[in-house]
Amino acid sequence: MVNFRKVFAMAVVMLSCASIQAQEQVERDSGGFSADLTVIPRLEGIQSFPLGSDASKDISWGNSSLYTLFEGNLNEHFSYSVCNHWLGDDPEWLYKNTLHSDNTNWVDWVNLTYAIGNFSITAGKDMVTMGGIEYDDYDFDVYTDLCSGLWQNYSCYQWGAKAALEVPSLNSTFAFQFSTSPFGEHPFDSKRFNYSLSWNGEYGPFRTIWSFTAVEDENRSLIPLACLGQSLELGSWTLGLDVFSQVGNEEYILSDGWTVLPSLRFDPSDHWSIFAKGGIETVTDSDKKVDDNWFAGMAAEWFPLSERNWRIHAAASYNHILDTIFITLGTKIDLTISTR
């Protein structure tokens, strides 16, 4: 059941943040320095309806959370980005997992990028180069019940470095990343790593996010993870399709198989958006006794402001392996203070 003291606390946070002026810009002659701080409170409730069982119909916090995003430029070559996850459904685990690589914690990422021309190097904690279109959205924007088992169980924020090269003539960016592996308990101490190659392309309305990652597991074997994401914009419609060569679940971070995630978004105006997504997760690894799964659902989003920095949403989904329907109601606000 929902802890109403927590609900009240989250409501106070959101109302306090709402009192901040959403856009405050201070012009400063500082040689290219800029800093943007965005506070993102999200408050929602999820009612679950188990089918075919005597399980209780629970109400949970869902993806209720408090994030901050702090990013900008130090000068024309150096930029930085920091994302913190301060509150969640169970805030205690965020801080218990500090300096862990096998689970997420209150620091999603903190990194510094050096760029010269079309070449850049990023060092620090960052998202592993993987996941296609599904991983392209911020965690505070997604509907967790419409996310794959890979998204749910693979700790994607890891320490390491990435080199990227933009090739304008090909409308593409190529990157190589070295990072710690979620199969290790602590970064670097566990001596387990990821090795990633990626290709991001933009061709008018068509976009690709393709990657291949070799993930070192607890036995120091390399698990191949291919993620092929693509999207197509057709006016107010956006079609997406992700295909992964692995399936994730609570028992196994990665199992050989196929994850297929079609999605569709319709934006009829600046104030409305309709989103639908499904997933099929098929395990082909005979050594792991994991059931196949599928899920599907949709969400309606209303943005009272044309800037879309305030969202009110409702979603419904069904998960086959849980045999449960989930109904979500919530709101999210993006509040940004800029210094330039």
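## A nonpolar patch on the surface

Let's begin on the outside, where L74, F78, L112, Y114, I116, F119, I121 and L165 form a nonpolar patch with about 640 Å² of accessible area together. Patches are made of residues with over 30% relative accessible area and no salt bridge, where like charges are joined within 9 Å and nonpolar side chains (Val, Leu, Ile, Met, Phe, Trp, Tyr) within 5 Å. Accessible areas come from the Shrake-Rupley method with a 1.4 Å probe, and for residues only the protein chains shown count as cover.

Strands β6 (107-116) and β7 (119-127) each supply at least two residues of this patch, and β6 gives the most, with three residues. Helices (H or I, at least four residues) and strands (E, at least two) are DSSP runs, numbered from the N terminus. F78 is partly exposed, with a relative accessible area of 31%; buried means under 20% relative accessible area, exposed over 50%, and partly exposed in between (1.4 Å probe, protein chains only).

## About the model

This is a predicted model, in which local features need pLDDT of at least 70, side-chain atom pairs count only at pLDDT 80 or more, and totals for chains, interfaces and linings use all residues. Residues are numbered from 1 along each chain as its sequence is written, and side-chain values use heavy atoms, with hydrogens and water left out.

Now for the inside. Rolling a probe the size of a water molecule over the atoms shows where empty space is left. On a 1 Å grid over the protein atoms alone, a cavity is a set of points where a 1.4 Å probe fits but cannot get out; a pocket is an open set with protein on both sides within 12 Å along at least five of seven lines; and lining residues have an atom within 4 Å of a point. Grid points are joined across faces, edges and corners, and a volume is the space filled by probe spheres set on the points. A search of the whole structure finds two cavities of 30 Å³ or more.

The largest cavity holds about 60 Å³ of space. Its lining is made up of R42, E44, I46, Y143, T144, D145, L146, A315, S317 and T328. Strands β2 (34-50) and β17 (310-319) each supply at least two of the lining residues, with the largest share, three residues, coming from β2. By class, four lining residues are nonpolar, three polar and three charged. Here Ala, Val, Leu, Ile, Met, Phe, Trp, Tyr, Cys and Pro count as nonpolar, Asp, Glu, Lys and Arg as charged, and the others, Gly among them, as polar.

The second largest cavity has a volume of about 30 Å³, and T122, A123, G124, D126, G160, A161, K162, Q177, F178 and S179 line it. Two or more of these residues come from each of β7, β8 (157-167) and β9 (172-180). The lining divides into three nonpolar, five polar and two charged residues.

Strand β14 (255-269) provides the largest share of the lining, five residues. By class, the lining has 15 nonpolar, seven polar and 15 charged residues.

## Salt bridges

The structure holds nine salt bridges, each defined as a side-chain nitrogen of Lys or Arg within 4 Å of a carboxyl oxygen of Asp or Glu. In one of them K332 pairs with D141, the closest N and O atoms being 3.0 Å apart. This pair links distant parts of the chain, 191 residues apart: K332 is in strand β18 (residues 324-333), and D141 is in the loop between β7 and α3 (149-153). K332 counts as buried at 4% relative accessibility, while D141 counts as partly exposed at 23%.

R308 and D267 also meet in a salt bridge (3.2 Å, N to O). R308 lies in the loop between β16 (293-302) and β17 and D267 in strand β14, so this pair ties together parts that are 41 residues apart in sequence. Both partners are partly exposed: R308 has a relative accessible area of 26%, and D267 one of 21%.
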